[in-house]
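Subject: Structure handover

Dear colleague,

Please find the structure below. My notes on what was found in it follow.

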Amino acid sequence: MRKNAFWAVAFATGLLGTGVGAVGATSSLRPVLRPAEPVVERISVVASALRPKLRPEVLSTTPTPVTQVASHAGFNRWIDGFQRRAQAQGIRASTLRAAFSGVRYDADVIRRDRNQSEFTKTIWEYLDSAASDTRIRNGKAALRKHNRTLDAIEARYGVEKEVVVAVWGLESAYGEYRGSNDIVQSLATLAYDGRRGAFFEEQLIAALRILQNGDTSPRNMTGSWAGAMGHTQFIPTSYLAYAVDFTGDGRRDIWADDPSDALASTAAYLKRFGWVKGQPWGVEVQLPRGFDYAQASRKVTRSPAQWAQMGVVDMRGRAVPNHGNASILLPAGGQGAAFMIFKNFAVIERYNTADAYVIGVGHLSDRIKGGPAIKASWPRGDRALTFAERKEMQQRLTRAGFSTQGVDGRIGPKTIAAVRAYQRSQGLAPDGYASLSLLKRLR
Ligand SMILES: [Ca+2]
């Protein structure tokens, strides 16, 4: 698991970037990226390898200049070939005919795909938006409005309604930004384009299966430009694996204005990956003076009582209740907030692996429930490192004898380990935080 350090959260530029919930290139549902839309931000992990699985990871590989995008003449030929492949996988000609009616090459989708790069935010910038007063207020209103349904969903799946609502709030601003792109057209364009073509072709086949099953019509199958659909932004493969029909009408309709099926699908997804009812995602804690930062690692787990013996206590100075084994997470190093995180943290990661996203969902859910704001201050004078700066840091660490085992601009576990080793060598607190001041010191 990666994490830590600079949680560079990248926001994609389009409206609803990728999707949530569900992504996974393979497996998980991950919600994903969202663009710089004021309301909803989507996170993408700059680095991890497809991990959330719910959402497609949009930012990953090297962008191709838009000028290289092939002309659309090839698109129709590609569709012919694709349709043969789809039929070989059980998609009927009638399904294909209806789904591809009116579909054209969508240059705007490719423009968004190419533009996703480099907006990175710090964890506190992300949280300012993820748990803004507006999003908290709207979350409480959504909870009231759908309270009966949410209670029933909580009773059936064992996932707290505030958590389901928080995912909804981050994925689509409570249904306000579900995306209006034609899913078949978007996925066909992305599959034809070829950057991650195999992934998008798999999603396209899954989308056609959904249509063939009769869950919705081509016209209603809309979502983000990158294929994430509905209130909680499931990508097609995640939908097929995890969506549920909560209303009982025989259709898993996550596109409807009624969010019941979408919210239940999110709860079902979290349950499927091991949600523990009653366990927090995490609890803000205070660390004792002289705390050994090497203990703040996902690899180190202890019971809350053991942590309390080491002086790690909640913000009121008391031992955290025993919710099971936990790790300590410092998303902005020793100068920012510290969290004791439990197994449910890893369950939310199945939606999107970015720590900022998980903390965002968790904290928003706490606030919707009436919980307090995060008390610790953040190193707000810091800014997020750019992609070029992250690569430069890796090069300089490696040259200084602290190998990051590659230079990819992603702050993952190996880079964090190298940062910690460098910090130790310099007599600094080894919190693994890849900050601008550390880069300056390396220079
Ligand atoms: Ca239904």
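Ala 400 is in the loop that joins helix H15 (387-399) to helix H16 (413-425); helices (H or I, at least four residues) and strands (E, at least two) are DSSP runs, numbered from the N terminus. With a relative accessibility of 44%, Ala 400 is classed as partly exposed. Buried here means under 20% relative accessible area, exposed over 50%, and partly exposed in between (1.4 Å probe, protein chains only). From Ala 400 to Leu 442 the C-alpha to C-alpha distance is 8.3 Å, at a sequence separation of 42 residues.

This is a predicted model, in which local features need pLDDT of at least 70 and side-chain atom pairs count only at pLDDT 80 or more, while totals for chains, interfaces and linings use all residues. Residues are numbered from 1 along each chain as its sequence is written, and side-chain values use heavy atoms, with hydrogens and water left out.

Overall

The chain has 443 residues, of which 61% count as buried. Its secondary structure consists of 17 helices and ten strands. Among contacts (heavy atoms within 4.5 Å) with a separation of 6 or more, 71% are between residues 24 or more positions apart.

Helix H2 (residues 93-100) packs on helix H9 (residues 197-213) at about 105°, and their axes are 10 Å apart. Axes are lines fitted to C-alpha atoms, for helices over the stretch in contact, and angles run from 0 to 180 degrees between N-to-C directions. The two helices, H2 and H9, are therefore roughly perpendicular (under 35 degrees is roughly parallel, over 145 roughly antiparallel, 65 to 115 roughly perpendicular, the rest oblique). H2 contributes Thr 95, Leu 96, Ala 99 and Phe 100, which meet Leu 204, Leu 208, Leu 211 and Gln 212 of H9. By class, the contact of H2 with H9 holds six nonpolar residues, two polar and no charged ones. Ala, Val, Leu, Ile, Met, Phe, Trp, Tyr, Cys and Pro count as nonpolar, Asp, Glu, Lys and Arg as charged, and the others, Gly among them, as polar.

Phe 100 and Leu 208 also touch the most other members of the largest nonpolar core, which has 93 residues. Such a core is a set of buried Ala, Val, Leu, Ile, Met, Phe, Trp, Tyr and Cys residues joined through side-chain atoms within 4.5 Å. H9 supplies the largest share of this core, eight residues. Beyond its neighbours within four places in sequence, Leu 208 contacts residues including Phe 82, Ala 86 and Ile 91.

Calcium site

The calcium ion is coordinated at 2.2 to 2.4 Å by Asp 245 (OD), Thr 247 (OG1), Asp 249 (OD), Arg 251 (O) and Asp 261 (OD). Donors are N, O and S atoms within 2.8 Å of the metal (3.2 Å for Na, K and Ca); water is not among the atoms, so sites may look incomplete. The donor spacing in sequence is D-x1-T-x1-D-x1-R-x9-D. Thr 247 is partly exposed at 41% relative accessibility, and Asp 249 is partly exposed at 43%.

Positive phi

Most residues other than glycine have a negative phi. Ala 173 has a positive phi, near 50°; it lies in the loop between helix H7 (161-172) and E4, and is buried at 7% relative accessibility. Arg 196 has a positive phi near 60°; it sits in the loop between H8 and H9, and is buried at 18%.

Regards
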